Amino acid sequence: MTAQGIRERQVSDLRHGDHLCLAFADESERRDVLTCYLSVGLERGERLLYYTERSAPETVKGWLRDAGVDSGKAVADGRLKILPVDASLLASGRFDADATVATIEREVAESLREGHSGLRLTGEMDWALRDVPGAEKLPAFEEKVGALVAGRRATALCQYDVRRFDADRMTVADQVHPAAATVPALHEDAMLQLLPVLRDGRRELRVAGTVDYRTTEVLAEALYTAARWPGDLRLDMSALEFIDLSGVRTIARVAASLEPGRMLYVNDLAPLLCHVVRLVGWDEEPSLVVRPRGERG
């Protein structure tokens with residue numbers, strides 16, 4: 001069962017010209033996506049450029065080693081370059097968007113001159129949360145990076161931690177990227193897929209397929225995991241095919257367990273199912289809001 005939206009892309013399928021946002025909520029998600037992104041790049045003969053903010057270079061190399069990649073040799077051969085942002089992008093004590101774009105352009109050209117098939121770029125964007133002069137130019141920088149890679153043999157993946165970037169900043173990050181990287185599903189089988197997605201700058205759990213007595217338990221586990229994400233909990237039910245009363249009861253129970261002030265929004269539910277929820281009275285739970293398709297919260 002898959003219900004991947006047009007904005008979600010598997011990093012294993014990226015091609016030159018792609019510019020994606022990786023919105024992650026825990027380190028295991030980030031590690032899984034980046035290990036795939038970097039490993040595939042090396043398999044395709046691309047050179048990797050990784051700008052780190054919180055991750056030590058040895059940590060990044062360790063991800064690749066655990067995946068069977070000789071990251072030490074990749075560094076020695078010039079196929080992998082890991083640069084802390086303070087020693088590169090922010091070496092002057094400020095962020096210069098135009099100068100950084102020019103640097104990336106030179107890196108693309110250098111990669112091709114050295115015989116690589118292209119440049120695969122990624123960066124941890126947490127530095128933008130610091131009081132760094134020029135950080136306010138980040139949205140414009142992202143747009144320029146998108147324009148740069150679109151016409152060259154380059155790919156870019158920008159990392160945003162949704163635990164640290166608030167909804168307003170994530171909305172902007174969402175808007176300046178044509179697509180979002182798919183993170184690992186919380187559950188996926190022939191009946192049901194539970195996939196974290198980024199929509200309008202907010203993280204949602206997309207529920208695709210069938211929820212009944214066979215899948216209610218995995219839905220509950222995924223909901224309690226998603227409840228640890230910051231802010232309100234949002235479910236995207238646009239790809240839901242069926243949900244029984246036990247599934248609806250599970251959603252209502254999770255809503256009732258949220259901390260005071262937090263809400264659970266059930267978005268894009270089929271009108272008939274909205275009617276069922278109202279008939280049994282579960283929409284009376286103060287922290288649960290059910291919206292039919294076409295209305296979102």
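1. How many Å separate the centres of domain 1 and domain 2, taken over C-alpha atoms? In this predicted model, the chain is divided into domain 1, covering residues 7–182, and domain 2, covering residues 187–292, and their centres, taken over C-alpha atoms, are 33 Å apart.

2. The next point concerns the interface. There, 14 residues of domain 1 are in contact with 11 residues of domain 2, and the two domains bury about 940 Å² between them, with 58% of that area on carbon and sulfur atoms. On the side of domain 1, the residues that lose the most area to domain 2 are Glu8, Val162 and Asp174, which together account for 40% of what that side buries. As background for reading such a value, the size of an interface is often given as the accessible area lost when the parts come together.

3. Polar and charged pairs also cross this interface. Two salt bridges are found between domain 1 and domain 2, and six residue pairs are in polar contact across the interface, both residues of each pair being at pLDDT 80 or more. Glu8 forms a salt bridge with Arg206, in which the closest N and O atoms are 3.0 Å apart.

4. As for which elements build the side of domain 1 that touches domain 2, strand 2 (19–24) and helix 6 (167–175) each supply at least two residues, and helix 6 gives the most, with four residues. Sorted by class, this side has seven nonpolar, two polar and five charged residues.

5. Arg47 deserves a separate look. This residue is found in strand 3, which spans residues 47–52, and Arg47 counts as buried because its relative accessible area is 3%, where buried means under 20%. The side chain of Arg47 makes a polar contact with the side chain of Glu107 at 2.4 Å, and another with the side chain of Ser111 at 2.9 Å. Leaving aside residues up to four places away in sequence, Arg47 touches several residues, among them Gly78, Arg79, Lys81, His116 and Leu119.

6. Is Pro286 buried or exposed? Pro286 lies in the loop between helix 9 (271–280) and strand 14 (288–292), and Pro286 is classed as exposed because its relative accessible area is 67%, while the cut-off for exposed is over 50%. Although Pro286 and Ala255 are 31 residues apart along the chain, their C-alpha atoms are separated by 8.5 Å.

Note on methods. Residues numbered from 1 in each chain as written. Predicted model: local features only at pLDDT ≥ 70, side-chain atom pairs only at ≥ 80, totals over all residues. Heavy atoms only, no water. Buried < 20%, exposed > 50% of the residue type's maximum accessible area, 1.4 Å probe, protein only. Domains from an automatic or database assignment. Contact = heavy atoms within 4.5 Å. Buried area = accessible area lost by both parts, 1.4 Å probe. Salt bridge = Lys/Arg side-chain N within 4 Å of Asp/Glu carboxyl O. Polar contact = N/O pair within 3.5 Å; in protein donor to acceptor, adjacent residues only side chain to side chain. Nonpolar A, V, L, I, M, F, W, Y, C, P; charged D, E, K, R; others polar.
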